[in-house]
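Please open the model in the viewer and keep the selection panel at hand.

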Amino acid sequence: MDDQPNEDNKGVINEENVDEIALPAPPVQFKYLVDIYDQGEQDPALFVLNMRSKVTLDLFQCCLCRETRNKFTSDLLQRVFDPWLSNKMEQLLSSVRNRLLKPVCDDVAHQPSIKNIQNLKDLVQRLPSSTLQHLQEYTLFPMQLQLNNAKLGSEIKVELINGIRHVVEKTEILHLEQLFKLYVFVFLQIFDPTQSSMVASVSEELKLSVVQCATQVLRSTTANVLDQMYQKENVPKLGQGIYICMQLLQTERLRALR
């Protein structure tokens, strides 16, 4: 009795037959989505700037005919489409990195002019946050690299720090190591151990950009990472920034900075 097939379950897609299913011919809407991804391989700017949100399982489910859609559960749909989506997204991220970000990042790394930094900031504003998140470290690297250049003037440093803030503002800080790397690095731009206040003699604009950037780093940090940050062993790392802010509060006249 138990070996006889259940007529009620006939044609239902389950864990045993999901790998053997043959999907019906895709409707026009589904083909349109595939075309969008294919265009993205050729022109990542067209894909990334116009398709602001990622394709979800619900969208794929709507594109399937009703008869087939009713046979799928969400987890089975995910098994069918995840490998395809993952492969396409990797190709698109590679295209965005190599064709959009690399030219402007290289310009900043080799010639950190106000124009080149602004070009990078403009591109950051145009990219969707989900895409920028995957390319966060790549985008930050040329600006961090140039901030180590002691020959740079205060005006260029302000633009670089503001550029870092723009990236952090559109993304999230997902790891404790990454949080402290940015937090400490930014405050080092106005830190001078030879001064009694430990604050370097630099422009108010540079000090303001540092405080704004450090504040954004904390705001963009996820809750679980912030929980890790408030541990006793992290007090020395946090202390430097807090001390500098206290000194700025006592000595600076710029209202926005205070």
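Select helices H9 and H11 in this predicted model: their crossing is left-handed. H9 covers residues 154-170 and H11 covers residues 204-219; the axes come within 9 Å and cross at roughly 15°. Because the angle is under 35 degrees, H9 counts as roughly parallel to H11.

Next, display the side chains at this contact. On H9, select Ser-154, Lys-157, Val-158, Ile-161, Asn-162, Ile-164, Arg-165, Val-168 and Glu-169. Their partners on H11 are Glu-205, Leu-206, Ser-209, Val-210, Gln-212, Cys-213, Gln-216 and Val-217. Coloured by class, the contact of H9 with H11 shows eight nonpolar, five polar and four charged residues.

Now move to H8 (residues 136-147) and H10 (residues 176-188), whose axes lie 12 Å apart at an angle of about 25°. That angle makes H8 roughly parallel to H10. H8 passes H10 in a left-handed crossing. Here Gln-136, Leu-140, Gln-144 and Leu-147 of H8 meet Gln-178, Lys-181, Leu-182 and Phe-185 of H10. The contact of H8 with H10 comprises four nonpolar, three polar and one charged residue.

Keep H8 and H10 selected: each supplies at least two residues to the lining of the second largest pocket. This pocket has a volume of about 220 Å³. To outline the second largest pocket, select Glu-137, Leu-140, Phe-141, Gln-144, Leu-145, Asn-148, His-175, Glu-177, Gln-178, Lys-181, Leu-182 and Phe-185. By class, the lining of the second largest pocket has five nonpolar, four polar and three charged residues.

Conventions:
Residues are numbered from 1 along each chain as its sequence is written. This is a predicted model: local features need pLDDT of at least 70, side-chain atom pairs count only at pLDDT 80 or more; totals for chains, interfaces and linings use all residues. Side-chain values use heavy atoms; hydrogens and water are left out. Axes are lines fitted to C-alpha atoms, for helices over the stretch in contact, and angles run from 0 to 180 degrees between N-to-C directions. Helices (H or I, at least four residues) and strands (E, at least two) are DSSP runs, numbered from the N terminus. Angles under 35 degrees count as roughly parallel, over 145 as roughly antiparallel, 65 to 115 as roughly perpendicular and the rest as oblique. A crossing is left-handed if the near helix is turned anticlockwise from the far one by less than a right angle, and right-handed if clockwise. Contact means heavy atoms within 4.5 Å. Ala, Val, Leu, Ile, Met, Phe, Trp, Tyr, Cys and Pro count as nonpolar, Asp, Glu, Lys and Arg as charged, and the others, Gly among them, as polar. On a 1 Å grid over the protein atoms alone, a cavity is a set of points where a 1.4 Å probe fits but cannot get out, and a pocket is an open set with protein on both sides within 12 Å along at least five of seven lines; lining residues have an atom within 4 Å of a point. Grid points are joined across faces, edges and corners, and a volume is the space filled by probe spheres set on the points.
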